[in-house]
Amino acid sequence: MADARLNVILTLVDRMTNNLKSVNRTLAQNKDLLKKVGGAASAFSIASVLAIRSFARAAINSRIAQSQLEAAIRAAGGSFDEFEGPIDRAIGHLTKFSDYSKGELKGALKDLIIAIGDVPLSITALQTAADVAAASGMDIGTAATMVGRFMRGEIDAIRMVTSSIEPGITDPLERLAWLQKQVAGQALANINPFKQFGNKINETKAIIGKFIVDDLEPLLKKLGELLGVVGNLPPGLID
């Protein structure tokens, strides 16, 4: 639904102003810069309003994933600034040694934090969630929730990955260490290079899209006020 509203608003903006065309010209004049930013600029068109919408959507989706992660950290009694370094290192590592995107990994970390209620422990468990997802074929968000429940003491939560657990393991960290031994290396072993390449393109789109959205926000806000639809804009677009 947010995508549909964004498409409508960006189409109206394109018809009522020349801003999008100006942004397109600016992007077209900076192909070398785009290649440096993402190394994949040649893989998608920067010549159309459709591309601008695609960049904007990628930026907004990235912003939403970040906002949801920050909300989960606050609910657990912390702040993103407090854990930014460890989070960036964990996600940076997994984007290289798995085929999960930054958005997927932020979503998985959010699910771990919600399930476990402990931010540092959730960061530690992110690798295991990625390995469980790769080993089982489930999406990483579902795997993260299952890992969190298992660490909380729900043995059956992980039964589809392993049918047994050593008796007497009750400490969450010991449970995590045991589970990691069962699935170690699965995320790396199951990397899909085409998905990794797609992730890189989407990350580049989000970087470019951030500048586009930042430039268009004042215009979109004014247009929204004129149309009376400010309350229906995608979350975070005009906050």
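This is a predicted model: local features need pLDDT of at least 70, side-chain atom pairs count only at pLDDT 80 or more; totals for chains, interfaces and linings use all residues.

A crossing is called left-handed if the near helix is turned anticlockwise from the far one by less than a right angle, and right-handed if the turn is clockwise. By that convention, the crossing of α7 and α8 is right-handed.

**α7 with α8**
- Helix α7, which spans residues 119-136, and helix α8, which spans residues 140-152, have axes that come within 8 Å and cross at roughly 120 degrees.
- Because angles of 65 to 115 degrees count as roughly perpendicular and those over 145 as roughly antiparallel, α7 and α8 are therefore classed as oblique to each other.
- On the α7 side the contact is made by Leu121, Ala125, Ala129, Ala130, Val132 and Ala133, and on the α8 side by Ile140, Ala143, Ala144, Val147 and Met151.
- By class, this contact of α7 with α8 comprises 11 nonpolar residues, with no polar and no charged ones.

**α6 with α8**
- The axes of α6 and α8 also come within 8 Å, and they cross at roughly 25 degrees.
- Since angles under 35 degrees count as roughly parallel, α6 and α8 are therefore roughly parallel to each other, and their crossing is right-handed.
- In α6, Glu104, Leu105, Ala108, Asp111, Leu112, Ala115 and Ile116 take part, meeting α8 residues that include Ile140, Ala144, Val147 and Met151.
- The residues of the contact of α6 with α8 divide into nine nonpolar, three polar and four charged.

**α5 with α6**
- Helix α5 (residues 80-97) packs against helix α6 (residues 102-116) at an angle of about 130 degrees, with the two axes 10 Å apart.
- The two helices α5 and α6 are therefore oblique to each other, and α5 passes α6 in a right-handed crossing.
- Ile87, Ile91, Leu94 and Thr95 of α5 make the contact with Lys102, Leu105, Lys106 and Leu109 of α6, and by class these residues are five nonpolar, one polar and two charged.

**The largest pocket**
- The largest pocket has a volume of about 790 Å³, and of the 30 residues that line the pocket, the closest to its centre are Ala58, Ser62, Lys102, Glu203 and Ala206.
- At least two residues of the lining come from each of α4 (49-75), α5, α6 and α11 (193-227).
- The lining of the largest pocket divides into nine nonpolar, 10 polar and 11 charged residues.

Technical notes
Residues are numbered from 1 along each chain as its sequence is written. Side-chain values use heavy atoms; hydrogens and water are left out. Axes are lines fitted to C-alpha atoms, for helices over the stretch in contact, and angles run from 0 to 180 degrees between N-to-C directions. Helices (H or I, at least four residues) and strands (E, at least two) are DSSP runs, numbered from the N terminus. Contact means heavy atoms within 4.5 Å. Ala, Val, Leu, Ile, Met, Phe, Trp, Tyr, Cys and Pro count as nonpolar, Asp, Glu, Lys and Arg as charged, and the others, Gly among them, as polar. On a 1 Å grid over the protein atoms alone, a cavity is a set of points where a 1.4 Å probe fits but cannot get out, and a pocket is an open set with protein on both sides within 12 Å along at least five of seven lines; lining residues have an atom within 4 Å of a point. Grid points are joined across faces, edges and corners, and a volume is the space filled by probe spheres set on the points.
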